[in-house]
Amino acid sequence: MKRTATVLLTALAPVSWGTTYAVTTQFLPADRPLFTALARALPAGLLLLAVTRVLPRGAWWWKAAVLGALNIGAFFPLLFLSAYRLPGGMAAVVGSVGPLFVVGLSALLLGQRPTGRALLAGVVAAFGVSLVVLKAAGALDPVGVLAALASSASMSTGTVLTKKWGRPAGVGPLALTGWQLTAGGLLIAPLALLVEGAPPALDARAVGGYLYLALANTAVAYWLWFRGIGRLTATQVTFLGPLSPLTAAVVGWAALGQALTAVQLAGMALAFGATVAGQATRAAPSASFSSAEVNGRKDSMDLTGVSLRR
């Protein structure tokens, strides 16, 4: 029962991320993806730092910087670059190979041998997402494809390293989330200023959109995501990722008047089924326990609900 609750709470993160496109197109200034990434990450990170009042110590200065770069600082710009350069939905399809990246990285970094079931579920999830989001389009842009693959690899590596490294003794996932969002936001800031210039003028509608993205869509969502990484396997967590494009399709239908075809509905069923199957996959364990696995067991005994990740 506790595991089911953990899965459901973690699933709220990609569900929230699935609303990003609608909020961005309906509320925010056009053609400012890097500023939007910065506005999502840095204010949320600074807010969590102010709430937790915990800073990294020792090796966790560079570990937090690495995780922040992988999960936020590199992931956001690469994701936006791929979305702008690829035809409709292709960035989401390429990004949906994330579970396969995590299966491979878990074998390499966590010593968890992949199962055939996990590999099959990853392929089915990517195929289902492709049915939902792909539209007729022209030739693929090589830079866009590489950016989409790199964004997925970056997030996947960050997910597995978060699992491997766990967190420092006495530090909750809320603080760890704040470290990563702040580090990632600081990496995005000079890039945003260099590429897009000064911040745009904002009306009340845009301010509301940015507040939603920074608080619910980023601070809370990443907190839940990191919590899930601490309590589930990295593979189980990443198989929740396809919920993001599925949510985007549902929001587009419900709020933006976009039609859903029979093919898209079939793709949603396949991707959702693969997501559910991914929660039942169990990588064959290594002979010894890593520090992350020890932290994960400790998390499972924490009944206070305070130790929450990503």
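**View 1. Trp 225, a buried residue of helix α11.** Trp 225 is buried, with a relative accessible area of 3% (buried means under 20% relative accessible area, exposed over 50% and partly exposed in between, using a 1.4 Å probe and protein chains only). Trp 225 belongs to helix α11; helices (H or I, at least four residues) and strands (E, at least two) are DSSP runs, numbered from the N terminus. Look also for Leu 9: its C-alpha atom is 8.4 Å from that of Trp 225, although 216 residues separate the two along the chain.

A word on what you are looking at: this is a predicted model, where local features need pLDDT of at least 70 and side-chain atom pairs count only at pLDDT 80 or more, while totals for chains, interfaces and linings use all residues. Residues are numbered from 1 along each chain as its sequence is written, and side-chain values use heavy atoms, with hydrogens and water left out.

**View 2. The whole chain, for orientation.** Here you can find 15 helices and zero strands. Of the 310 residues, 52% count as buried. Among contacts (heavy atoms within 4.5 Å) between residues at least 6 apart in sequence, 91% join residues at least 24 apart.

**View 3. Helix α2 against helix α11.** Two packed helices are described by the angle between their axes and the distance between the axes. The axes of α2 (residues 20-27) and α11 (residues 204-231) come within 9 Å and cross at roughly 160°; axes are lines fitted to C-alpha atoms, for helices over the stretch in contact, and angles run from 0 to 180 degrees between N-to-C directions. The angle makes α2 roughly antiparallel to α11 (under 35 degrees counts as roughly parallel, over 145 as roughly antiparallel, 65 to 115 as roughly perpendicular and the rest as oblique). From α2, the contact uses Thr 20, Val 23, Thr 24, Gln 26 and Phe 27, and from α11 it uses Arg 205, Ala 206, Gly 209, Tyr 212, Leu 213 and Asn 217. These residues divide into five nonpolar, five polar and one charged; Ala, Val, Leu, Ile, Met, Phe, Trp, Tyr, Cys and Pro count as nonpolar, Asp, Glu, Lys and Arg as charged, and the others, Gly among them, as polar.

View 4. Arg 32 sits in the loop between α2 and α3 (33-52). With 15% relative accessibility, Arg 32 counts as buried. A polar atom of the Arg 32 side chain lies 2.7 Å from the backbone oxygen of Ala 198, and the backbone oxygen of Glu 196 is 3.2 Å from a polar atom of that side chain. Not counting residues up to four places away in sequence, Arg 32 touches Tyr 84, Glu 196, Gly 197, Ala 198, Pro 199 and Pro 200.

**View 5. Helix α3 meeting helix α5.** The axes of α3 and α5 (residues 75-85) come within 10 Å and cross at roughly 150°. On the α3 side you will find Pro 33, Leu 34, Ala 37, Arg 40 and Ala 41, which meet Phe 76, Pro 77, Phe 80 and Tyr 84 of α5. The contact residues divide into eight nonpolar, no polar and one charged.

**View 6. Ala 280 in helix α14.** Ala 280 is found in α14 (residues 262-280). With a relative accessible area of 39%, Ala 280 is partly exposed. Leaving aside neighbours within four places in sequence, Ala 280 is in contact with Arg 3 and Arg 117. The C-alpha atom of Gln 236 is 7.7 Å from that of Ala 280, with the two residues 44 apart along the chain.

Notes. A polar contact is a pair of N or O atoms within 3.5 Å; within protein, one must be able to donate a hydrogen and the other to accept it, and residues adjacent in sequence count only if both atoms are side-chain atoms.
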